[in-house]
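Visitor: I should like to learn how to read the features of a protein model. May we proceed one feature at a time?

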Amino acid sequence: MATPLSDPSLSPLKTVAVIGLGTMGTGIAEVLARAGREVVGIDISEAATGHAVTALEASTARAVQRERLTEQERGDILARFRTFTDLQAAADADLVIEVTPESYEIKQQVLRALDGIVRADTILATGTNALSVTRLAADSAHPERVLGLHFFNPAPAMKLVEVVSSVLTAPAAVAAVTSLALDLGKEPVAVGDRPGFVADGLLFGYLNQAAAMYEAKYASREDIDAAMKLGCGLPMGPLALLDLIGVDTARTVLEAMYTESRDRLHAPAPILKQLSEAGLTGRKSGRGFYSYDAPGSATVVRDALTPLSGEAGAQGRTVRSVGVAGSGTMASGIAEVFAKAGYEVVLAARSEEKAQTAKARIGKSLSRSVDKGRLTAEAAAETLDRITPAGSYDAFADVDLALEAVAEDLEIKQQLFATFDKVCKPGAILATTTSSLPVVACARATSRPQDVIGMHFFNPAPAMKLVEVVRTVLTGDDVHATVREVCAKVRKHPVDCGDRAGFIVNALLFPYLNNAIKMVQEHYATLDDIDAAMKLGGGYPMGPFELLDVVGLDVSLAIEKVLHREFRDPGLAPAPLLEHLVAAGCLGRKTGRGFREYAKR
C-alpha cells in the first residue's frame with residue numbers, strides 16, 4: 001500500500017519536531033516558527049528548553065524593535081513554539097529534525113525510539129554534518145524516510161540548507177523537505193551522502209590545514225586569521241572560526257571525513273585533539289585558539305600569546321625612494337600604492353615605452369579615484385608626479401627599496417636580482433612580490449642575501465590591504481623591521497611568514513580550490529551547487545569556480561604544482577580535470593572559457 005511519502009503534495013509538513021535545543025536546534029526552531037509551522041521543541045534538559053524559549057522571545061523582541069515584526073506576529077510565533085522533555089511529544093509531527101550531539105550512538109538511539117512514536121509517513125531528518133546518513137538510516141525501521149537536513153549556524157541568518165539523500169531515501173521525502181526549505185526562504189542544495197557534504201567537506205579541510213600551519217609555528221594565529229580575511233575577503237579567519245564552531249566538533253567532523261577519504265589533508269591536526277581533550281573547545285568553553293572573557297562570549301581577551309603592540313625590535317633602515325620593476329597590472333598597482341603614500345617612485349621596465357604605458361595606467365586608476373570622490377584632483381596629480389618611468393634598471397641606483405613585480409618565473413626573477421645587486425646602492429632593500437617561488441633562491445642570486453625579503457602584495461594592490469612579509473633564513477632583522485614599517489606607512493596590513501611555498505594565503509586557499517574541482521570531477525556535486533554552498537554556507541565572497549576562472553586556471557595549476565612539489569602530499573596533487581582544462585586552453589575569463597563560458601568582450 002502506498003504511503004503519503006510517494007506524493008509530497010499530500011504531506012505539506014505543517015508540524016515539525018526539533019529534537020535537541022542547543023544553539024543550532026533553537027535556531028532551526030525559530031526559522032520554522034517564523035515561517036508559520038507548528039514547532040515541537042524537545043530536549044531532555046529542562047534548562048535547554050527554557051533557554052530556547054528565552055532565546056526566541058529575545059530575538060523576536062529585537063525584530064519588533066527594528067520594525068521587522070508586529071507585536072501580533074511576535075505573539076503568533078511564540079504561540080507556535082512549544083517545548084517538551086519527552087520524545088512522545090513528536091507523535092503528531094509531519095517531520096522530525098534531530099540536532100543531537102555528533103554521535104552515532106546518540107542519534108541511532110533517537111531514531112530507533114522515533115520509529116515507535118511517529119506515524120509511518122513522518123519524515124525523519126538528521127542534522128548531522130559529519131556522520132553517515134546511510135548508516136543512520138539503515139538502523140531505522142523505515143530507512144526510506146530518513147534523510148539529512150543540514151542547516152548552517154546561525155540558522156536564522158544562513159541561507160544554505162544541504163538536503164542529503166542516501167541510497168535508501170525515497171524521492172518523495174527529498175521533494176517534501178526541499179519544498180519546505182524553499183518555503184523557509186532557504187536555498188536548498190541536493191547532495192549525496194559523504195562526510196562533510198559540500199560546504200563542510202571543503203571548509204573543514206581548509207580549517208584543518210590552518211590549524212596545522214599554526215601548530216607548526218609557521219605563523220601566529222593573528223596573522224593566519226588576518227591573512228585569510230584580508231587576502232580572500234572571508235568574514236572570519238580560520239582559527240577564530242574553529243573556536244566558533246567548536247574545536248571538538250571540528251575534530252569529530254574531520255575524523256569522519258578521514259575515515260572515509262583516507263586523505264591526509266582530512267587527518268585532524270594533533271592540536272585539535274590536544275585542545276579538545278584539555279577542554280579548550282573554543283568560545284563555548286571560554287578558550288580555544290584564542291581566550292574569551294567568559295564561556296559563550298565572542299569577546300577575545302589578551303592572553304600569553306597576544307602580540308604586544310609597538311613591540312621594540314630591530315632598528316630599521318630609512319626608506320624615502322622606491323624602485324618598482326615591471327610594467328604589468330601588479331607593478332602599476334604597487335607603484336601607485338607607494339606614490340600615494342608620499343614615496344618617490346622609479347617605475348622601470350624593459351623599455352621606456354612599457355614604463356610610460358604603465359605610468360599611464362596609473363594615471364587612469366587615479367582618475368577613477370577622483371571621479372569616485374576618493375581623491376582630489378590635486379592629490380592625484382601630485383601622486384602621478386612622484387612616479388618617474390625608466391627604460392633601464394640603472395635608474396634604481398639611488399632607491400632605498402627595489403621591488404620586483406615581473407613574471408612568476410624563477411629564472412627571470414634571479415636574473416633581475418643579479419641586476420639589482422649590480423645597480424642598487426649598498427644598504428638598499430631588495431624585495432620580491434612572488435606568490436609561490438622561494439624567496440631565498442632570489443636572495444642567492446645576489447651578493448647580499450641579508451638584504452632580500454618577500455613582499456607579497458595582493459591584486460589589485462591599491463585596494464587589497466594585505467602584504468605577506470616573507471623572511472628567509474638569511475634576511476636581516478633590520479630589513480624585516482623596515483619592511484613592516486613601510487607596510488604600515490602605505491596603509492597595508494603586514495603578516496609574517498616563512499619562506500615556503502604558498503606562504504599563508506595560497507597554501508590554505510589552493511588546496512580548498514583543488515578539492516572543489518575533485519568534487520566536480522567525481523560527479524558528487526555541480527559547479528553551481530558548490531559555488532552556492534560556499535557563498536551561502538561559508539560566507540565566501542565568491543564560489544571556488546568563480547574564483548578559479550578569475551585567477552586563471554593556468555595560474556592556479558602552477559601554484560598547485562608548486563605546493564605539491566614542496567609538501568609531497570598526495571592530497572595536494574592537482575586535480576586531473578584542472579590539468580585537462582589548461583591543456584585545452586580553457587584558462588578562465590581571460591580566454592572566454594574555463595569552468596564556465598563567458599561572453600566575448
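Guide: The dialogue below takes up a sheet, a helix, a core, the cysteines and some backbone details in turn. Please keep in mind throughout that this is a predicted model.

Visitor: Is S7 largely enclosed or open, and why?

Guide: Strand S7 is largely enclosed by the rest of the structure, because five of its six residues are buried.

Visitor: Let us turn to a helix. How does the span of helix H10 agree with what its residues should give?

Guide: One compares the expected span with the distance between the end C-alpha atoms. Helix H10 (residues 247-261) has 15 residues, which at 1.5 Å a residue should span 21 Å; the end C-alpha atoms are 21 Å apart, so the two values agree.

Visitor: Which residues of H10 are buried, and against what do they pack?

Guide: The buried residues in H10 are Val 247, Ala 250, Val 253, Leu 254, Ala 256 and Met 257. The buried residues of this helix pack against helix H7 (199-215), helix H9 (238-245) and helix H11 (270-277).

Visitor: Which residues of the largest nonpolar core touch the most other members?

Guide: This core holds 106 residues, and those touching the most other members are Tyr 206, Phe 289, Phe 396, Phe 420, Ile 504, Ile 530 and Phe 545. Helix H18 (residues 505-521) gives the largest share of the core, eleven residues.

Visitor: How many disulfides does a search of the whole structure find?

Guide: The search finds zero disulfides. Cys 442 is in none, as the nearest cysteine sulfur, in Cys 424, is 14 Å away. Cys 442 counts as buried because its relative accessibility is 0%. For Cys 487, the closest cysteine sulfur is that of Cys 497, 11 Å away and therefore too far for a bond. Cys 487 is also buried, because its relative accessibility is 1%.

Visitor: What should one look for in the backbone?

Guide: Most residues other than glycine have a negative phi, and most peptide bonds are trans. Exceptions therefore deserve a look.

Visitor: Where are cis peptide bonds found?

Guide: One runs from Asn 153 to Pro 154, with omega near -5°; Pro 154 is in the loop between strand S6 (146-151) and strand S7 (160-165). Another joins Asn 459 and Pro 460, with omega about 0°. Pro 460 is in the loop between strand S16 (452-457) and S17.

Visitor: Which residues other than glycine have a positive phi?

Guide: Among them is Lys 217, with phi near 60°, in the loop between H7 and helix H8 (221-232). Lys 217 counts as exposed because its relative accessibility is 74%. Arg 568 has a positive phi of about 55° and lies in the loop between helix H21 (553-567) and helix H22 (576-583). Arg 568 is likewise exposed, with a relative accessible area of 66%. Arg 262, which follows H10, has a positive phi near 55°.

Key: Residues numbered from 1 in each chain as written. Predicted model: local features only at pLDDT ≥ 70, side-chain atom pairs only at ≥ 80, totals over all residues. Heavy atoms only, no water. Core = buried A, V, L, I, M, F, W, Y, C linked by side-chain atoms within 4.5 Å. Buried < 20%, exposed > 50% of the residue type's maximum accessible area, 1.4 Å probe, protein only. Helix = DSSP H or I, 4+ residues; strand = E, 2+ residues; numbered from the N terminus. Disulfide = S-S within 2.5 Å. Expected span 1.5 Å × (residues − 1). Contact = heavy atoms within 4.5 Å.
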